[in-house]
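Hi everyone, thanks for coming. Let me put the model up on the screen, and then we'll walk through a few spots together.

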Amino acid sequence: MAKKEKSKMNKIFSLRFKAVAIILVFAVVLSAIAIAISYNYYSKTMFNHYEELASNVAKSVAVQLDSDELLRYYNEVKKVGVYDDEKYENDEAYRAEYDKKVNALKDESYNKTLNFLFDIKNSFDNQDVGNHYAKIEYLYVQKLEGDYCTYLFDADEEDAYQFGTKHHVSAATMETENPEEGIEPFVSNDGEWLVTAVEPVRDKDGKPVALVGVDISMERIISDRTTYLRNVISIMAAAVAILLVLILLCVDGTIVKPINKLSSAARSFVEDRNKSRKGNSSLSKLRIRSGDEIGTLFDSIKQMEYDINEYITNITTITAEKERIGAELDVAKHIQSSMLPSIFPAFPDIPEFDIYATMDPAKEVGGDFYDFFMVDDTHLAIVVADVSGKGVPAALFMVIGKTLIKDHTMPDVDLSSVFAEVNNMLCESNSEELFITAFEGVLDLVTGEFRYVNAGHEPPFIMRDGNNFELFKIKPCFVLAGMENINYKSGVTTLSPGDKIFQYTDGVTEATDKDNNLFGMQRLEDALNNAKDKSATDILKAVKSDIDEFVGDAPQFDDITMLCLNFRQYLKGDE
């Protein structure tokens, strides 16, 4: 019964229909190319039109602004003092004081210029541009200062930048060789489709003194572009359907017959080999001299008969080799595990702290590593790091990085110098172009001073005074082995008895469930605070349990490494 069903299926999916399917795919590819060309031409035409429109608006505004006035406002606002963006965003008193100072600079001429910008912006709303409505979303005037720009005017009713605020320039500005001379119009999509043009305001000598930026919304044209694409696809689909019907009517059934004979002989070959008739198969008796592709196929299958016999002879050796490699990788995993501190309690004779760490590789060997060691009698060092990549190359690079960091960590040597030296040594022999994100901290057991350096790694969580774990926000430096002669900046904080530090790799926060949801920072913080009163060992076990419950049956894609340090008490000197 099973053979009959299989025969019916073979008839349904015969060569005739497969040939039609191939031609259909070819037709679909050609249709896709035609659609892509038409769609791109339409998009390019509209984009060029909007880019030219944005450039013209920016140029029109630029020629009407008084360059002397712009320079005057720029010089006056600089006298207010150095603008601090972080304070302005987070410190209400600083923001109020700054606003008070700069608002005092906004004289009648300033307000007249700002009103002029608003008039341009508002008069442009919903203008008919080539059967599409255009709208200026943003209109502003800036003064460049290296990698930063100072806002002089911003015609935005809802969320305008304050006069004199200083911000990092955009990526487009960074990529432009001479941004003071303006930036070529470009289209971007950062939550909304915009075409942006930036033109200079020049003084009487033709020297650029400021920049006018114009952002015009392209939401309507994008919507129309989608409708255009839908219509083109419908037309091409109808054409492909007609082509398919023609092919079904024209395919000659005689092509199928020799293929069926060849298929039958191939099945007999398998049966003949099972009966130990290796040299007397049906394929060897079959003769096909069609002089076309079918004849070529017949010759290829006869060659395949010979190759299969050879392959079967060698497959046992190949399988044995694969098993040997698997065994060696298992040994490598145990060797790697043995290089990390794995005996706990780690320092049973030192009651001043408790420490525990784990590393669960995603593959046989991993690229994460942790380490902790006594720098001298009064200082404890902790290290958590993550090597880019997976497998054996990352594991070998991990060994080098771990060894160099430990060897260079010495008393009275600042951690910034340690990472700078380790970085240069790693760059010397990095043909695989790997890099390491790493965090190292050294705790003074006598004073509680905790010095640290962060090379592109995740910031740790710290629990102080019995309160909740909170993210210790520190600005990371550049990764290790990424570029030579990098200057690293170390930091310092103070821990008190009872404080705890939790450090980890991105495999913790990026653990993914079957729906591709990330474990994330918030779940990690909740897991830590639910277990904050436990020992270092139990905290890590509780976090790993929460990760496993969240991930479920989804595969592990990255190494998961965690370390927890509990500072119990100060180290007392000899009495």
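Before going on, some housekeeping. This is a predicted model, where local features need pLDDT of at least 70 and side-chain atom pairs count only at pLDDT 80 or more, while totals for chains, interfaces and linings use all residues. Residues are numbered from 1 along each chain as its sequence is written, and side-chain values use heavy atoms, with hydrogens and water left out.

Okay, back to α16. Helices here are DSSP runs of H or I with at least four residues, strands are runs of E with at least two, and both are numbered from the N terminus. Helix α16 covers residues 536–551, so to speak a 16-residue helix. From first C-alpha to last, α16 reaches 23 Å, close to the 22 Å expected at 1.5 Å a residue (that expectation is 1.5 Å times one less than the number of residues).

Which residues of α16 are buried? They are A536, I539, L540, A542, V543, I547, F550 and V551. By buried I mean under 20% relative accessible area; exposed is over 50%, and partly exposed is in between, with a 1.4 Å probe and protein chains only. Look down the axis of α16 and the buried residues fall within an arc of 165 degrees, so they line one face of the helix. The arc is taken from the directions from the helix axis to the C-beta atoms. As a reminder, an α-helix has 3.6 residues a turn, so residues three or four places apart point the same way. On the face turned away from the buried side, α16 carries the exposed residues K541 and E549.

And what covers that buried side? The cover includes strands β8, β14, β16 and β17, plus helices α14 and α15, with contact meaning heavy atoms within 4.5 Å.

Now, salt bridges. Each one is a side-chain nitrogen of Lys or Arg within 4 Å of a carboxyl oxygen of Asp or Glu, and a search of the whole structure finds 10. Take D107 and R72, whose side chains meet at 3.2 Å, N to O. D107 lies in the loop between α5 and α6 and R72 in helix α3, so the pair ties together parts that are 35 residues apart in sequence. D107 is partly exposed at 27% relative accessibility, and R72 is partly exposed with 27% as well. These two also belong to a network of salt bridges that links E69, R72, E76 and D107.

Next pair: K402 and D371, at 3.5 Å, N to O. K402 sits in helix α12 and D371 in strand β9, 31 residues apart. Are they buried or exposed? K402 is buried, with a relative accessible area of 10%, and D371 counts as buried at 3%.

Last stop, the surface. V25, F26, V29, L30, I33 and I37 make a nonpolar patch of about 580 Å². Patch residues have over 30% relative accessible area and no salt bridge; like charges are joined within 9 Å, and nonpolar side chains (Val, Leu, Ile, Met, Phe, Trp, Tyr) within 5 Å. Areas come from the Shrake-Rupley method with a 1.4 Å probe, and for residues only the protein chains shown count as cover.
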